[in-house]
Amino acid sequence: MPIIHHYISALRAALQPYRGHQNDGKMGSKRIALVPTMGNLHDGHLELVKIAKQQADIVVVSIFVNPTQFGEGEDFNSYPRTLDDDVAKLATVGADYVFAPSTDEMYPVLPPPTTVLAGAITAQLCGQSRPGHFDGVGIVVSKLFNIVQPDIAIFGQKDYQQLAIIKQLVRDLSYPIEIIGAPIIRADDGLALSSRNQYLNAAERQIAPVLHQEMQRLSQQLENDDQSQPKIKSLLAETYARITDAGFIIDYLEIKTDELDSIATDSASFNAENKKLIILVAAWLGRARLLDNQSVTVNQKF
């Protein structure tokens with residue numbers, strides 16, 4: 001079973017023997033990986049831990065429902081807290097430590113007077129409908145990086161914008177940490193795994209795979225069809241309509257470069273040398289806000 005720590009000082013003390021020279025003269029240098037989570041773990045989280053185990057000697061999984069990344073009216077109070085079950089699952093994939101601090105331990109003052117602002121990259125996609133969310137992500141990830149001091153950290157690609165922001169944070173704050181983006185883990189019917197999938201009722205769960213199916217369809221159309229600006233607009237509109245008709249309320253459906261720059265939709269200014277695009281969607285189905293994305297490689301200038 002992984003060892004659980006609830007206090008920053010205790011976790012730091014536990015990890016110290018793995019760093020540098022020890023009193024007995026032996027080298028304690030071990031590669032440490034961090035897998036940050038909010039708990040209520042599913043198979044997608046466990047895959048992150050498996051990747052971490054392949055890349056590092058010691059794996060720390062944080063479980064903390066971070067209040068600073070929830071907006072007013074969001075599901076902070078109702079977000080499932082399942083620590084005992086989470087620890088049991090982590091034991092099956094070989095996690096070494098679980099860091100499960102209280103809110104008071106992480107934030108002696110709440111809201112914290114010190115902020116980590118994610119910048120212009122938040123003025124799009126999830127940042128538009130969840131103002132301040134990524135600033136909350138920025139401070140909690142910064143704290144976890146400082147507490148654990150990992151060599152690598154693993155994040156899922158389902159939260160594509162979050163992954164881009166964390167890479168930016170590591171670059172700009174000069175963290176000596178390698179960030180690994182792990183592929184999306186899906187159910188057999190294609191639905192991207194998420195802790196919030198449990199908000200879906202039985203009927204909604206039957207509908208939910210439509211989101212991935214439409215992303216795949218749009219990806220194939222972009223790869224194979226005429227890629228003129230009017231055609232791309234038409235494909236997006238058709239995809240939007242089909243997702244909406246299935247019962248979703250779409251927050252956004254956009255095509256970006258893989259670095260989250262917008263592509264032109266009213267001129268032929270896209271650089272043919274940059275052929276990698278990402279289709280991103282966020283949509284409500286009942287109480288669940290579902291995220292997905294699909295990469296696509298285009299073969300023509302448009």
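A residue is called buried when its relative accessible area is under 20%, exposed when this area is over 50%, and partly exposed in between, as computed with a 1.4 Å probe on protein chains only. By this rule, 51% of the 302 residues of the protein chain count as buried. The structure is a predicted model, in which local features need pLDDT of at least 70 and side-chain atom pairs count only at pLDDT 80 or more, while totals for chains, interfaces and linings use all residues. Residues are numbered from 1 along each chain as its sequence is written, and side-chain values use heavy atoms, with hydrogens and water left out.

The protein chain has 10 helices and nine strands; these are DSSP runs, numbered from the N terminus, with helices (H or I) of at least four residues and strands (E) of at least two. Along the principal axes, the C-alpha atoms of the protein chain fill a box of roughly 70 × 45 × 40 Å. The radius of gyration, taken over C-alpha atoms, was compared with a globule rule of 2.2 Å times the number of residues to the power 0.38. For 302 residues a compact globule would have a value near 19 Å, and the 21 Å of the protein chain agrees with this. Contact means heavy atoms within 4.5 Å. Among contacts in the protein chain with a separation of 6 or more, 72% are accounted for by residues 24 or more positions apart.

A nonpolar core is a set of buried Ala, Val, Leu, Ile, Met, Phe, Trp, Tyr and Cys residues joined through side-chain atoms within 4.5 Å. The largest nonpolar core has 44 residues, of which Val60, Phe145 and Ile179 touch the most other members. Elements that each supply at least two residues of this core include helix H1 (8-15), strand E3 (58-63), helix H6 (133-148) and strand E8 (276-285). The most is given by H6, with nine residues. Not counting residues up to four places away in sequence, Val60 touches Leu11, Leu15, Ile32, Ala33, Leu34, Val35, Tyr97, Phe99 and Val148. Another core, of 30 residues, lies apart from the largest one and has Phe70, Leu200, Phe248 and Ile263 among its members.

H1 and H6 pack with their axes 9 Å apart, at an angle of about 45°. Axes are lines fitted to C-alpha atoms, for helices over the stretch in contact, and angles run from 0 to 180 degrees between N-to-C directions. Angles under 35 degrees count as roughly parallel, over 145 as roughly antiparallel, 65 to 115 as roughly perpendicular and the rest as oblique. H1 and H6 are therefore oblique to each other. In this pair, Ile8, Leu11, Arg12 and Leu15 of H1 meet Asn146, Ile147 and Val148 of H6. The contact has five nonpolar, one polar and one charged residues, where Ala, Val, Leu, Ile, Met, Phe, Trp, Tyr, Cys and Pro count as nonpolar, Asp, Glu, Lys and Arg as charged, and the others, Gly among them, as polar.

Some backbone features stand in loops. Most residues other than glycine have a negative phi, and most peptide bonds are trans. A cis peptide bond, with omega about 0°, joins Leu110 and Pro111. Pro111 is found in the loop between helix H4 (103-106) and helix H5 (126-129), and Leu125 also lies in the loop between H4 and H5. Leu125, a residue other than glycine, has a positive phi near 50° and is buried, with a relative accessible area of 1%. Gln149, which is not a glycine, has a positive phi of about 50°. Gln149 is placed in the loop between H6 and E5 and is partly exposed, at a relative accessible area of 45%.

Gln161, in helix H7, counts as buried at 4% relative accessibility. Beyond four places in sequence, the residues touched by Gln161 include Ile121, Leu125, Phe134 and Leu260. Lys89 lies in helix H3 (residues 83-92) and is partly exposed, with a relative accessible area of 35%. Lys89 and His42 are 47 residues apart in sequence, with a C-alpha to C-alpha distance of 8.5 Å. Arg287, in the loop between E8 and strand E9 (288-297), is exposed, with a relative accessible area of 51%. Leaving aside neighbours within four places in sequence, Arg287 is in contact with Ser78 and Tyr199.
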